[in-house]
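Keep the structure open beside you and find each part as we come to it.

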Amino acid sequence: MTTTALPYDPAMVRYVQHDLLVRVGLTISPEFERALWPTAWRPREKVVTGGVQAGKSTEGAAEVYIEIPIIDLDRPEPWRYWYIVPTYETPKIELGYIFDWTRSFYGSDSISDHMPDGSSALLSIFGGRIIIETRSSKLPESIAAQAVDGIVGVESGQQAEAVRTAALER
């Protein structure tokens, strides 16, 4: 497993991220904590499994949301994250969580959304400094078309192996 070193003390980053989630109303169980922070450094790839209503969507939303306090908003290009879904009809649960948490913590002016039925959804945070979108796994070649800062696969078991390969190349 490949890990990426953070430019900050990992214990402090984890403390800030944990506090951010608690402040938006999440209860962090030991199981949730181990899924979100399995090691001192965040792994390049992880697989989170669980039964119905086990918290996979919440954890998938938290994966991107906890990046907000540690990213450099002065970077010239926006930070870009994708949620790869089997189809655009797949519920956009993770984006809904991020939308609600961001509004709750940073205020209603901090985020805007575009969530049409049957098409790609988009969240824009801090005036477009952070962009979060859904991408359909129906076209794996479109996943390999653009560099992004993070990808979360939703319902990965329903997606072709080519999707995972394309996502890892990003």
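A residue is called buried when its relative accessible area is under 20%, exposed when it is over 50%, and partly exposed in between (1.4 Å probe, protein chains only). Please keep in mind that this is a predicted model, in which local features need pLDDT of at least 70 and side-chain atom pairs count only at pLDDT 80 or more, while totals for chains, interfaces and linings use all residues. Residues are numbered from 1 along each chain as its sequence is written, and side-chain values use heavy atoms, with hydrogens and water left out.

Start with the overall plan. The chain contains six helices and five strands, where helices (H or I, at least four residues) and strands (E, at least two) are DSSP runs numbered from the N terminus. Along the sequence, their order is α-α-α-β-α-β-β-β-α-β-α. Of the 170 residues in the chain, 39% are buried.

Now find helix α1. Which residues of α1 are buried? They are P10, V13, Q17, L20 and L21. Looking down the axis of α1, you would find these buried residues within an arc of 95°, so they line one face of the helix. That arc is taken from the directions that run from the helix axis to the C-beta atoms. On the other side of α1, A11, Y15 and R23 are exposed. The buried residues of α1 pack against α2, α3 and α4, with contact meaning heavy atoms within 4.5 Å. After α1 comes G25, which has a positive phi, near 105°.

Next, turn to α3. Is this helix largely enclosed or open? Eight of its ten residues are buried, so α3 is largely enclosed by the rest of the structure. Those buried residues are T58, E59, G60, A61, A62, E63, V64 and Y65. They pack against α1, α2, β1, α4, β4 and β5.

Helix α4 covers residues 93–106 and reaches 20 Å from its first C-alpha to its last, close to the expected 20 Å. Here E94, L95, I98, F99, W101 and T102 are buried, and the partners they pack against include α1, α3 and β1. G107 follows α4, and its phi is also positive, near 100°.

A nonpolar core is a set of buried Ala, Val, Leu, Ile, Met, Phe, Trp, Tyr and Cys residues joined through side-chain atoms within 4.5 Å. The largest one has 31 residues, and L21, Y65, Y83, I98, W101, I130 and I132 touch the most other members. The elements giving two or more residues to this core are α1, α2, α3, β1, α4, β3 and β4. Apart from it lies another core, of five residues, among them I84, I143, V148 and V163.

Finally, visit S136 in strand β4. S136 counts as buried because its relative accessibility is 8%. Its side chain reaches the backbone nitrogen of K138 at 3.1 Å. Leaving out residues up to four places away in sequence, S136 touches V85, P86, T87, Y88, S142 and I143.

Conventions. Expected span 1.5 Å × (residues − 1). Polar contact = N/O pair within 3.5 Å; in protein donor to acceptor, adjacent residues only side chain to side chain.
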